[in-house]
Amino acid sequence: MFKKTTNYRIAIIGAGASGLSAAYNLKRLGFNVDVFEKSDKLGGLAGSVNLSKGKIDAFYHHLFKSDRYILDFLKEINFPKNIIFKRTVTGHIWDNKYFDISSILKLQNSKLLSNFGLIRLLIGGALIKYLRVNQKVDNKFIYKITNNIFGKEASTKIWDPLLSTKFGEYAKVIPYSWLRTRIQDRTIELGYLSEGFEEIYKYLAKEIISLDSHIYLNEEIKKIDLSKNDNKLIINEKYYDRAVITTSPNVNSKILNNISYKSKKIKYLGALCGIIEFNRRPIPSYWLGIADSKSKNSYSEFLAAISYAELDKTWNENGNPTWPLYLASYCDKAHFYKYSKSEWEEKMINASIELNKLSKIDEINEKNVINFSLSFAEYAQPILSPNSNLMSNPETAKLCYFANMHNIYPNDRGQNRAFFIGNKVAKLIYNELITK
């Protein structure tokens, strides 16, 4: 599969999805690669946690059928496990009520929107999905035009709360392009991978590692220097021809300080995700969007609740059934560390119980909790604005290429686009070093 190696050696900083996909593609193109990861796990946000019946993703993940970069890649490398696609139930919380919005008919029957409001929503969605727009429209602020696109009712009950809960104080600087790509990427069926998407990155790691390529876990890179003639990078006293950087701008400003690092100011929100494993079904939908951000209920602090076993039906094929429930939101580091793990657990259990009561299925309580896991990723959601830093390459440094979340923005499909950016930087490096 791999070409005969060249004399060029490439360093990859970060063993997340983009880092490992870049490393794999570089290896396939004939380069020697070394991957450095400060934690003890592969996959970054695609890492897994162990629950009573096996492993699932620490942060919820699913694929759309339109996620062609990752799906084509897995087919090309003959990845041994299947991505399973299926339709799911989607719920929505508004005004302290549960609504089933899984289809147009169910949305109509739910009475979340009036008939006129539903028609306006559908027209707006169709226009975004199929109508091409220019950059001027792409760069408009969403909050100023949601009423014009979807109508006031749908904006008030669906889109404005989504923006507010996801982006918080930054909701008013998010461009239309983010919403456009989010809607255009969406498909009815969702795909999952049993035991979590970390399985992909374990497979890639095995393919990458050889006599001339390595993956170093628990290896935090604190400084990258230039050689005396400025044509090599020095990392841990070894020389590299180029580096692929997948770490955050905050980290990059420190480790790349000696190699002319420049960056537009990029703000990030962290991803907060708790998993509560229940012995009883908590909600009747896979995805439950929460649009009550201004209410005083415990669940109003979260963006969504995601019930894993509603998507992966094999989870409960054997043994006593359990129901892992994700409670997810975005926040900054200060807000996350404002509470202890036990306090977050209490918040999330209370929120789950409240959501369960609204969904009108068998009640759950604290005694139904089997396991709890809490994860936080400080750099998960970039905040890019047309006024300042909405550009494809906001960072530069000598002999470095960048492959992180803000390099795929406004696209919001991290796993899929990681394979796009990994392949892209590998080709750029190949074109520069081999075909020059």
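## Basis of the description

Because the model is predicted, local features need pLDDT of at least 70 and side-chain atom pairs count only at pLDDT 80 or more, whereas totals for chains, interfaces and linings use all residues. Residues are numbered from 1 along each chain as its sequence is written, and side-chain values use heavy atoms, with hydrogens and water left out.

## Helix α8 and its neighbours

Helix α8 covers residues 176–185. Helices (H or I, at least four residues) and strands (E, at least two) are DSSP runs, numbered from the N terminus. The axes of α4 and α8 come within 8 Å of each other and cross at roughly 90°. Therefore α4 is roughly perpendicular to α8. Axes here are lines fitted to C-alpha atoms, for helices over the stretch in contact, and angles run from 0 to 180 degrees between N-to-C directions. Angles under 35 degrees count as roughly parallel, over 145 as roughly antiparallel, 65 to 115 as roughly perpendicular and the rest as oblique. Contact means heavy atoms within 4.5 Å.

Helix α7 (residues 152–167) also packs against α8, at an angle of about 110° and with the axes 13 Å apart. This pair, too, is roughly perpendicular. Trp 159, Leu 162, Leu 163, Lys 166 and Phe 167 of α7 meet Trp 178, Leu 179, Arg 182 and Ile 183 of α8.

## A nonpolar surface patch

Ile 119, Ile 123, Leu 127 and Leu 131 form a nonpolar patch on the surface, and together they have about 370 Å² of accessible area. Patches are made of residues with over 30% relative accessible area and no salt bridge; like charges are joined within 9 Å, and nonpolar side chains (Val, Leu, Ile, Met, Phe, Trp, Tyr) within 5 Å. Accessible areas come from the Shrake-Rupley method with a 1.4 Å probe, and for residues only the protein chains shown count as cover.

Leu 127 belongs to helix α4 (residues 115–130). Its relative accessibility is 45%, so Leu 127 counts as partly exposed. Buried means under 20% relative accessible area, exposed over 50%, and partly exposed in between (1.4 Å probe, protein chains only).

Ser 352 lies in helix α13 (residues 341–359). Ser 352 counts as buried because its relative accessibility is 0%. Apart from neighbours within four places in sequence, Ser 352 is in contact with Ile 276, Phe 278, Leu 325, Leu 327 and Ile 364.

Asn 356 is found in helix α13 as well, and its relative accessible area of 0% makes it buried. When residues up to four places away in sequence are not counted, Asn 356 touches Arg 281, Pro 282, Ile 361, Asp 362, Glu 363 and Ile 364. Asn 356 and Pro 282 are 74 residues apart along the chain, yet their C-alpha atoms are separated by 5.5 Å.

## Salt bridges

Side chains of opposite charge can pair when their charged atoms come close. A search of the whole structure finds 19 salt bridges, each defined as a side-chain nitrogen of Lys or Arg within 4 Å of a carboxyl oxygen of Asp or Glu. One of them joins Asp 34 and Arg 9 (3.2 Å, N to O). This pair links strand β2 (residues 32–36), which holds Asp 34, with strand β1 (residues 9–13), which holds Arg 9. Both Asp 34 and Arg 9 are buried.

Asp 138 and Arg 180 form another salt bridge, with the closest N and O atoms 2.8 Å apart. Asp 138 is in helix α5 (residues 135–138) and Arg 180 in helix α8, 42 residues apart. Both residues are buried. Salt bridges that share partners also join Lys 55, Lys 81, Glu 195, Glu 199 and Lys 202 into one network.

## Positive phi angles

Most residues other than glycine have a negative phi. Glu 237, although not a glycine, has a positive phi of about 70°. Glu 237 lies in the loop between β12 (233–235) and β13 (238–240), and is exposed, with a relative accessible area of 75%. Glu 195 has a positive phi near 75° and is placed in the loop between β9 and α9. Glu 195 counts as partly exposed because its relative accessibility is 38%.
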